[in-house]
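Hi,

Here is the structure I promised to pass along.

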Amino acid sequence: MEIYIDGDGCPVVDLTIKIAQENKIPCTIITDTAHIFNKEYAKTITVEKGADSADFKIANLVKENDIVVTQDYGLAAMCLSKKAKAINQNGLVYSDKNIDSLLMTRYIGKKARMSGIRTKGPKKRTKEQDKAFVTALQRLIDC
């Protein structure tokens with residue numbers, strides 16, 4: 001088992017690394033050149049900046065039973081197809097039961113934005129979200 005972090009805009013990098021270290025699980029951050037990470041326990045792989053370049057790198061590296069931390073539904077779907085586990089920054093565990101509706105929601109939102117409809121951005125991160133993430137990630141590790 002290895003934990004991969006989609007480092008492009010991930011608010012739980014440090015929490016993930018801490019949990020990986022406590023559980024003695026290798027951890028790798030994948031990011032493009034727009035982000036710089038130098039974390040002691042985690043290995044960092046930097047890919048060229050480009051649409052979904054970090055996502056495709058993760059999808060190529062991930063294996064069965066690995067865990068991927070991402071807020072990208074498309075990447076989560078690719079990971080699930082390889083029998084890996086995927087979780088978002090708020091503790092939502094992606095599954096075959098919820099990924100289709102999440103992808104459809106993303107599609108509808110993108111279509112609305114392209115037609116000029118403004119959507120709200122994310123709210124400020126809370127400690128409760130961090131706790132939910134830690135709990136869900138530990139559960140995935142224990143499974």
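Predicted model: local features only at pLDDT ≥ 70, side-chain atom pairs only at ≥ 80, totals over all residues.

As for charge, I count 23 positive and 18 negative side chains, with the centres of the two sets 6 Å apart.

On overall form, the C-alpha trace spans about 45 × 30 × 30 Å along its principal axes. The radius of gyration is 15 Å, which agrees with the value near 15 Å that a compact globule of 143 residues would have. Of those 143 residues, 41% count as buried.

The fold has 5 helices and 6 strands, and from the N terminus on they run β-α-β-β-α-β-α-β-β-α-α. If we take contacts between residues at least 6 apart in sequence, 48% of them join residues at least 24 apart.

Now for the inside. The largest nonpolar core has 21 residues, and I3, I5 and I87 have the most contacts inside it. At least two residues of this core come from each of β1 (3-6), α1 (13-22), β2 (27-32), β4 (67-69) and α5 (127-142). The most is given by α5, with 5 residues. Looking at I3 beyond its neighbours within four places in sequence, its contacts are T16, A20, I25, P26, C27, T28, I67, V69 and I141. There is also a second, separate core of 12 residues, with I45, A54, V62 and C79 among them.

Best wishes

Terms used. Residues numbered from 1 in each chain as written. Heavy atoms only, no water. Helix = DSSP H or I, 4+ residues; strand = E, 2+ residues; numbered from the N terminus. Rg over C-alpha atoms; globule rule 2.2 N^0.38 Å. Buried < 20%, exposed > 50% of the residue type's maximum accessible area, 1.4 Å probe, protein only. Contact = heavy atoms within 4.5 Å. Lys, Arg positive; Asp, Glu negative; His and termini not counted. Charge placed at Lys NZ, Arg CZ, Asp CG, Glu CD. Core = buried A, V, L, I, M, F, W, Y, C linked by side-chain atoms within 4.5 Å.
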